[in-house]
Amino acid sequence: MEYTELSDYDLPAGVVTSWTPRADAGRWQQDPRDLSPGHEAHLRDSEPGSWIGSVLRVPGPYEPEPLRRAIHAWVSRHEVLRTTVTRDAGAGWRRVTAPAEAVAIRDLVVGHLTGDQVTALLPSLLADVSPTAWPHCVLATVVPEPAGGSSSAAGPESFVLAFGADHSVMDAYSQLLWFEEIVSLYDAARRGVPDAELRALEVGSHVDFSADDRKLAMTLAADGEPVHRWLDFLGSGATFPRYGSDGITHPAADAAEAALRQASRSEWLAGTDQTDDLSARSRARGASAQSGVLALFAHAARRVHGIDRLRFVLPMHTRYAPQHAAAVGWYVGLCPVDLDLDGVDPVLRAVDSGRVVDGTALTAAVERVHAAVAAGKPLVRYSFARIAELGGITDGPHLAVSYVDTRFVPGAERWSTWDARTLRSPAYGTDELYLWFLRTHDGLNVSARYPDTPEAHAAMDALVEELRACFRAFGTAGLSEAVA
């Protein structure tokens with residue numbers, strides 16, 4: 001599993017079809033449930049063409065009608081995919097929702113395209129979503145052309161299926177859940193399972209979650225602890241920290257820099273054995289694998305960029321209620337992490353055979369990460385959009401680091417077979433560095449987007465190589481003594 005842009009996915013030549021939810025104008029119903037502060041902020045600040053999604057090669061032959069029924073069942077199951085907003089003069093945004101029976105899935109055959117044409121067209125199809133115009137999710141298929149009477153490079157009896165969604169209805173976990181759910185629905189539809197049974201999935205609604213999130217946010221006060229703690233983290237000027245001080249990220253000097261497309265990369269850092277080793281050592285110290293990975297990241301940043309104090313935003317899920325565990329929606333809060341490694345020895349130390357892990361230093365780093373995350377975690381449940389409003393914060397995150405363990409998501413063991421991948425749209429500018437650490441059945445991957453500048457490329461090259469060196473050291477002959 002990797003998290004990349006669609007341009008990095010191997011798309012075949014074939015027949016492209018778009019699949020779009022539709023509902024008659026008269027079937028929309030006024031919905032009294034409030035929008036979350038984060039949703040309102042997204043309506044205000046979102047950039048055109050911004051989306052997230054997923055893509056896979058669906059096993060089995062392409063059958064349009066079962067696929068239509070599967071997509072309809074998916075949209076029916078998750079209320080957030082059937083709701084939108086309208087402008088109410090003088091009252092701001094209002095929610096309207098369509099019942100499942102009012103939704104239809106329209107297919108439009110674009111035509112037979114070459115591989116290059118598919119690669120050029122598909123991102124624009126998936127980017128045809130916005131926070132203010134429903135549908136907020138669209139899908140597309142690519143049915144490969146036969147080659148010499150046999151199946152195409154996409155594999156025997158398979159086809160490409162992808163979706164793009166607006167951030168207001170989708171988070172990273174929703175992207176991951178989609179793979180198993182849509183494949184299972186398609187299989188069931190091909191077997192003739194009735195529509196009512198396909199739609200039957202008892203999950204919570206993100207619309208309800210949003211209303212509850214707003215109620216909680218409205219209990220915050222400008223002089224309350226959550227606002228003060230965020231302002232303390234941001235410091236003078238209420239600005240978010242950046243990565244380092246040597247120009248790796250910086251405010252855009254002009255419109256041309258602001259429009260500069262960011263670089264994107266995906267790298268494998270470690271296999272399963274090395275990742276499991278780090279996880280076990282972290283758990284032995286009462287921490288998590290997340291703390292171990294962030295500790296190695298912090299040490300790598302210190303070694304290659306001289307950063308002793310690393311301050312960043314850690315996105316964390318807000319799926320606290322069991323009914324929301326399998327729901328589609330945006331369940332994400334922000335955790336401020338202030339990590340000071342001053343006085344902690346380097347995790348790697350030199351020996352005759354190379355470099356090995358110093359267990360004492362690793363333990364100290366893991367414990368500091370665990371404490372830093374624990375300090376910020378209580379703030380995750382409170383809407384940052386509301387905190388920003390109360391605290392007069394107008395800046396946004398410049399350094400975000402995410403960790404997701406995907407191994408226990410339903411269907412994860414089959415993702416490699418399906419060539420499954422989560423997607424993000426291109427981003428622009430020079431002022432952000434985002435890192436996503438993904439733990440999978442294949443090991444540990446890091447995806448990143450960052451300024452497309454020589455300085456940022458060199459910084460990321462050095463960071464990735466140092467992280468790999470850390471993980472390589474877990475397999476050295478001197479490990480048992482070094483980590484005693």
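Helices here are DSSP runs of H or I with at least four residues, strands are runs of E with at least two, and both are numbered from the N terminus. Residues are numbered from 1 along each chain as its sequence is written. This is a predicted model, where local features need pLDDT of at least 70, side-chain atom pairs count only at pLDDT 80 or more, totals for chains, interfaces and linings use all residues, and side-chain values use heavy atoms, with hydrogens and water left out.

**Stop 1: A238**

Select A238. You will find A238 in the loop between α7 (225-234) and α8. Check its phi: A238 is not a glycine, yet the angle is positive, about 50°. Is A238 buried or exposed? A238 is buried, because its relative accessible area is 15%. The cut-offs are these: buried is under 20% relative accessible area, exposed is over 50%, and partly exposed is in between, with a 1.4 Å probe and protein chains only.

**Stop 2: D419**

Now select D419. This residue sits in the loop between α13 (415-418) and β16 (421-424). D419 is a residue other than glycine with a positive phi, near 55°. Its relative accessibility is 37%, so D419 counts as partly exposed.

**Stop 3: Q262**

Go to the loop between α8 (255-258) and β10 (263-270), and select Q262 there. Q262 counts as buried because its relative accessibility is 5%. What does Q262 touch? Leaving out residues up to four places away in sequence, Q262 touches A427, Y428, G429, E432, R449, Y450, P451 and D452. Touching, or contact, means heavy atoms within 4.5 Å. Zoom in on E432. Its backbone oxygen lies 3.0 Å from a polar atom of the Q262 side chain.

**Stop 4**

Select C335. C335 counts as buried because its relative accessibility is 0%. Then select C470. C470 is buried too, because its relative accessible area is 2%. How many disulfides does a search of the whole structure find? The search finds 0. A disulfide is a pair of cysteine sulfur atoms within 2.5 Å.

**Stop 5: G38**

Select helix α1, residues 37-45, and pick out G38. G38 is partly exposed, because its relative accessible area is 35%. Not counting residues up to four places away in sequence, G38 touches S383 and A385. Now draw a line from G38 to S210. The two are 172 residues apart in sequence, and their C-alpha atoms are 8.8 Å apart in space.

**Stop 6: the largest cavity**

A 1 Å grid over the protein atoms alone is used to find spaces: a cavity is a set of points where a 1.4 Å probe fits but cannot get out, a pocket is an open set with protein on both sides within 12 Å along at least five of seven lines, and lining residues have an atom within 4 Å of a point. Grid points are joined across faces, edges and corners, and a volume is the space filled by probe spheres set on the points.

How many cavities of 30 Å³ or more are found in the whole structure? There are 2. The largest cavity holds about 70 Å³ of space. To show its lining, select H39, V80, T83, T84, R95, H136, S168, V169, H206 and S210. β5 (83-88) and α6 (206-217) each supply at least two residues of this lining. By class, the lining has 2 nonpolar, 7 polar and 1 charged. Ala, Val, Leu, Ile, Met, Phe, Trp, Tyr, Cys and Pro count as nonpolar, Asp, Glu, Lys and Arg as charged, and the others, Gly among them, as polar.

**Stop 7: the second largest cavity**

Next, select P21, V75, L81, W134, P135, H136 and C137, which line the second largest cavity. About 40 Å³ of space lies there. Its lining has 6 nonpolar residues, 1 polar and no charged.

Stay with P135, in the loop between α3 and β8. A cis peptide bond joins W134 and P135, with omega about 5°.

**Stop 8: the second largest pocket**

Finish at the second largest pocket, with a volume of about 210 Å³. Which residues lie nearest its centre? Select T20, R22, L125, D128 and V138, out of 15 lining residues. Two or more lining residues come from each of β2 (14-23), β7 (103-113), α3 (115-126) and β8 (137-144). β2 gives the most, with 3 residues. The lining has 8 nonpolar, 4 polar and 3 charged residues.

Conventions
Polar contact = N/O pair within 3.5 Å; in protein donor to acceptor, adjacent residues only side chain to side chain.
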